[in-house]
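Open the structure in your viewer and keep the sequence beside it. Each stop below says what to select and what is there.

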Amino acid sequence: MSGKDGDQMDRQLFLTTLTSATLVSVASTTFIQPGAAIAEEVPAPIANFALRSVGGLLPSLTKLPPNKNGIFLRFGEQLLFSNDGSRTSGKDVFASFDFPADWLQLDRILGGIQYVDQRNGDKLYVLKTKMPDGVEQLKDVPKAYFGDAIFNPKGELIRTGNNVEEYKVQSSQMLNVSEEGSKDLSRRRLKVRYTTLTGNNFSVERKGLVDAYEAGGMIYMLMTGSNAILFDKKGRERETVDYIADSFRVQTVYGL
């Protein structure tokens, strides 16, 4: 091999090695545009139970006249903005909803709000989560945000014994958009589907409605959960779910 040929091969080997090293370097390097900030990982939203201002005391209930759906009670109490049981002047809210009189209250001592129909396992929960950073209007919150908050493994719905395998927010619609100066809060309704795992390792598909209000940067939600087949059948069970969701109201305390 001539010296010229050897030099040519050495040059080709050098260029190949240099190119390979450059590709590795490029693949492992994050390029930032001038003036751009490094993006930080956004914490996943977490929904907790909306705590009652009276803690674990018996709930404030009003018996309602019978209607076509049966005998209902009306829950109406002040809920705390904070998660630690402390009062937050000007931010606490008053919430109310109607539910069947024979539903059983769960975990009252924790100060949250949960009820269950012992015949078919239908449930209702009142939850809350903070608005996403940088979002001011309830209508602008991505619908997936609600599902991620409600079914977050660190949230109280999961930590209190609900084993959820998967979930999806199927639809969303605004029921009311608050106008400037109005006492009526923005209200949004979502339909969710999720699969729970029973103690016998059976997967059960459930569906529900989530009614949400925004007040002071906090989202207050009433969520129902029902067997998916009965939910879609639109019989007595679905009528009860719709009635509960329709009855949910949230008002700022200073707006009363």
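Predicted model: local features only at pLDDT ≥ 70, side-chain atom pairs only at ≥ 80, totals over all residues.

Residues are numbered from 1 along each chain as its sequence is written, and side-chain values use heavy atoms, with hydrogens and water left out.

**Whole chain.** Show the protein chain as a cartoon: there are five helices and 12 strands. Helices (H or I, at least four residues) and strands (E, at least two) are DSSP runs, numbered from the N terminus. Of the 256 residues, 41% are buried. Buried means under 20% relative accessible area, exposed over 50%, and partly exposed in between (1.4 Å probe, protein chains only).

**First core.** Select Phe146, Ile150, Met221 and Met223, the residues with the most contacts inside the largest nonpolar core, which has 24 residues. A nonpolar core is a set of buried Ala, Val, Leu, Ile, Met, Phe, Trp, Tyr and Cys residues joined through side-chain atoms within 4.5 Å. Which elements give two or more residues to this core? Among them are helix 2 (143–150), strand 7 (123–130) and strand 11 (218–227). Helix 2 gives the most, with four residues.

Now select the buried residues of helix 2: Tyr145, Phe146, Gly147, Ala149 and Ile150. They pack against elements including helix 3, strand 8 and strand 9.

**Second core.** A separate core of 23 residues includes Leu73, Ala215, Tyr220 and Phe248.

**A loop.** Go to Leu58, in the loop between strand 1 (48–49) and strand 2 (61–63). Is Leu58 buried or exposed? Leu58 is exposed, with a relative accessible area of 66%. Leaving out residues up to four places away in sequence, Leu58 touches Arg52, Glu77 and Arg108; contact means heavy atoms within 4.5 Å.

**Aromatic rings.** Rings of Phe, Tyr and Trp (its six-membered ring) pair if their centres lie within 6.5 Å; planes under 30 degrees apart count as stacked, over 60 as edge-to-face and the rest as tilted. The count comes to seven aromatic pairs. Select Phe72 and Tyr243, a tilted pair with 4.5 Å centre to centre and 50° between the planes. Phe72 lies in strand 3 and Tyr243 in helix 5, so the pair ties together parts 171 residues apart in sequence.

Next, select Tyr213 and Phe248, an edge-to-face pair at 5.5 Å centre to centre, with 70° between the planes. Both Tyr213 and Phe248 are buried.
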